[in-house]
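Here's a quick briefing on a ligand and the pocket around it. Have a look at the model first, then read on.

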Amino acid sequence: MTPDTPADTFSFTLSATDGAARTGYVSTPRGRIRTPAFMPVGTVATVKGLYFDQVRAAGADIVLGNTYHLMLRPGAERVAKLGGLHTFMRWDGPILTDSGGFQVMSLSSLRKMSEQGVTFRSHVDGAYHEMSPERSVEIQGLLGADIQMQLDECVRLPCTDEEAERAMRLSLRWAERSKRAFETQPKGRAIFGIVQGGAVPALRVESARALADMDFPGYSIGGLAVGEPQEVMLAMIETVAPHLPTNKPRYLMGVGTPDDLLESVARGIDMFDCVMPTRSGRHALAFTRFGRINLKNARHAEDPRPLDEESDCPALRDYSRAYLHHLVRCEEMLGAMLISWANIHYYQQLMAGARAAIAAGRYADYVAQTKEGWARGDL
Ligand SMILES: CNc1nc2c(CC[C@H]3O[C@@H](OC)[C@@H]4OC(C)(C)O[C@@H]43)c3nc(N)[nH]c(=O)c3cc2[nH]1
């Protein structure tokens, strides 16, 4: 809890802008989130391969929990009985949870969609579950999430305009129901509306305007990072951003690569989540100031240099590429742990640099210099 955050409020403060890029902070009862922010994904109550003190030390102000996975195992009621997600996983900062709709569509089998909600079978034990806007909010409340998501329907791209329109309108009706169900939750928590509409600009604008009229405390842009090219994703952000209130945070769901983050910040995005840093860490791929380094590659076998000797992160500064390559070759878990740690730190440092650059009015230079570093590679 930072001293000047009142006990029970959620708010967003814009400190500076540079073109469409913004920097500021979200205040929650559990502390502030400096924006632009990258939120490490803690799908089943863990940021895979890291201790939470490493996550905090890397600069993360907030982590994500995953409603779909946690409701199946260990169960939302059980997490509540154990004191909620913060106590369960020993993370005392803000937690954001997704509503679970996306995973239901992508992970579960035998699902049936209706106006009421989605019934589906668990991919864990085959049990039947019903996920409605009301139940999703109830689960996120049981988990104790500080920032919650409405239940929505995310269509895969490419899809027909009719399919995008149907899912967008359903998501708007579910936005109303989610927001109403959320009113019983303790003060200081927030629920975000999620903009849908596929890759159809008119649908995206209609969704954004309708959600803005509902006066949510924050807004997610959903339905992207689902297989579309980066230029389609960026075009949709440019379409949507002008129709969202400037004094509320914007969260681009499931994004992305370092390049995606820089380009999306330039278009007005404040918050990101992606499994990329830890998933790549488990696949020997390191993100650094010099671009991507695949530690499976034999060229590292005798390289005594660390990934980045100027970093203040031990995983980037203290271990030779030869050692990381060795761990990866031997499929030692420490390999995945160190590269995941390095990647989480790199993503945090990328956002910290963005915040400083926007505040100094030199974001375009920051992007250009960062990309030059990636292109130069690790000579
Ligand atoms: C990867 N691309 C991507 N992810 C998306 C998500 C979040 C999906 C969740 O599943 C995991 O990502 C695979 C993450 O675990 C947390 C972080 C808990 O949440 C993430 C979305 N969620 C909702 N509700 N609606 C969307 O339109 C949507 C679109 C996305 N595009």
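How much space lies in the largest pocket? About 880 Å³, counting the space filled by probe spheres set on grid points joined across faces, edges and corners. A pocket here is an open set of points on a 1 Å grid over the protein atoms alone, where a 1.4 Å probe fits, with protein on both sides within 12 Å along at least five of seven lines; lining residues have an atom within 4 Å of a point.

This is a predicted model: local features need pLDDT of at least 70, side-chain atom pairs need 80 or more, and totals for chains, interfaces and linings use all residues. Numbering starts from 1 along each chain as its sequence is written, and side-chain values use heavy atoms, leaving out hydrogens and water.

- Among the 42 lining residues, Phe102, Gly254, Asp273, Cys274 and Val275 are closest to the pocket's centre.
- α5 gives the most to this lining, four residues (helices are DSSP runs of H or I, at least four residues; strands are runs of E, at least two; both are numbered from the N terminus).

**Ligand shell**
- There are 20 residues around the ligand, and Asp98, Gln103, Asp152, Gly223 and Leu224 come nearest (a heavy atom within 4 Å counts as near).
- β5 supplies the largest share of that shell, with three residues.

**Polar contacts** (pairs of N or O atoms within 3.5 Å)
- Ligand nitrogen atoms sit 2.7 Å from the Asp152 side chain and 2.8 Å from that of Asp98.
- A ligand oxygen is 3.2 Å from an N or O atom in the side chain of Asn66.

Notes:
A polar contact is a pair of N or O atoms within 3.5 Å; within protein, one must be able to donate a hydrogen and the other to accept it, and residues adjacent in sequence count only if both atoms are side-chain atoms.
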